[in-house]
Amino acid sequence: MHDPAPDPMPDPGPGSAPRSGTEASPLAALFRALADVYAAEGRAGGDAAAAAYREAAGRLDAAPPARPHPPLHLLVTECRAALAAASHPAARAALAAEALLPWRSSDVPGSALNASARALFAVAPLIGPGALVEIAGLRAGLFLQRPEALYPLHAHAAEETYAVLHGAADWTLDAVTTRHDAGALIHHPAHGAHATRTGPAPMLAAWRWSGDIRLETYRMVGPAR
Ligand SMILES: [Fe+2]
C-alpha cells in the first residue's frame, strides 16, 4: 500500500499566474520605456543611459528584485490622482510599477538642500551606484515635483538631461527660462545653474546624470527664492 506521489510540477492551466521568475516585471517594462526616451536624445550620455536601462531590464528579467515593496512616499500619494491621467508611455509604465519604485525625499547631500526645499520633490534612483539596480558610471531615475513649487537654482558637475513625462514646468538654465511639458528633453551641461518651477499640477520627469556623477559636487546657487 502506498500513497500516490503528488505531481511535482502540476500544470498551472489557463489563466493561472506564471511561475516565479517568468512573470513580466513592471520594473523591466519601465526601464525599457525609459531606454526609449533616452535613445532619442541624440547625445552620448543619452545613448549610455539607454544602454544601461536595457542592461538593467535584462537583469530584472533574469532575477526580479526580491526586496519587499517600499511604502509609498507621501508626495507620490498626494500626486497620484493627477498622475493617473498621464499618457506618456514611460509615465504609464511608472504608474504600473508604482509599488516597486524607491521614492525618497532627496538624493543629494543633506547639507545642500534645506528641509523646505526637500519637501518640494521626491526622487527614485533606478540605476547607478547605490540605486535600485547597481550600474557604474552614471545615475538615472525618476523625479516628482509638487504643484506650485520652485526647485531652487543649483548646479553639479554631472551633465544632466531631464525628460518630462507628465505635467509641465518652467525650466531655467543660466537665467533663460523656458516652459516644457510632456515629451520634452531638457539638457543641463556640467556646472550649469538650473531651476525648475511647477504650475498648478505636479510634474513627473525622468533624469539622468553622466560624466562626473559625484553627489558631493551638488551645490545651491544663490538663495532659494
Ligand atoms: Fe540638476
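This is a predicted model: local features need pLDDT of at least 70, side-chain atom pairs count only at pLDDT 80 or more; totals for chains, interfaces and linings use all residues.
Residues are numbered from 1 along each chain as its sequence is written. Local features need pLDDT of at least 70 and side-chain atom pairs count only at pLDDT 80 or more, while totals for chains, interfaces and linings use all residues.

Student: How are helix 1 and helix 2 oriented to each other?
Tutor: Axes are lines fitted to C-alpha atoms over the stretch in contact, with angles from 0 to 180 degrees between N-to-C directions. Helix 1 and helix 2 (residues 44–62) pack at about 165°, their axes 8 Å apart. Angles under 35 degrees count as roughly parallel, over 145 as roughly antiparallel, 65 to 115 as roughly perpendicular and the rest as oblique. The two helices, helix 1 and helix 2, are therefore roughly antiparallel.

Student: Which residues is Leu-34 in contact with, leaving aside its neighbours within four places in sequence?
Tutor: Contact requires C-beta atoms, placed from the backbone, within 7 Å. Leu-34 belongs to helix 1 and is among its residues that meet helix 2. Beyond those sequence neighbours within four places, Leu-34 is in contact with Tyr-53, Ala-90 and Ala-206.

Student: What percentage of contacts between residues at least 6 apart in sequence join residues at least 24 apart?
Tutor: The count takes contacts in the protein between residues at least 6 apart in sequence. Of these, the share joining residues at least 24 apart is 70%.

Note on methods:
Two residues are in contact if their C-beta atoms, placed from the backbone, lie within 7 Å. Helices (H or I, at least four residues) and strands (E, at least two) are DSSP runs, numbered from the N terminus.
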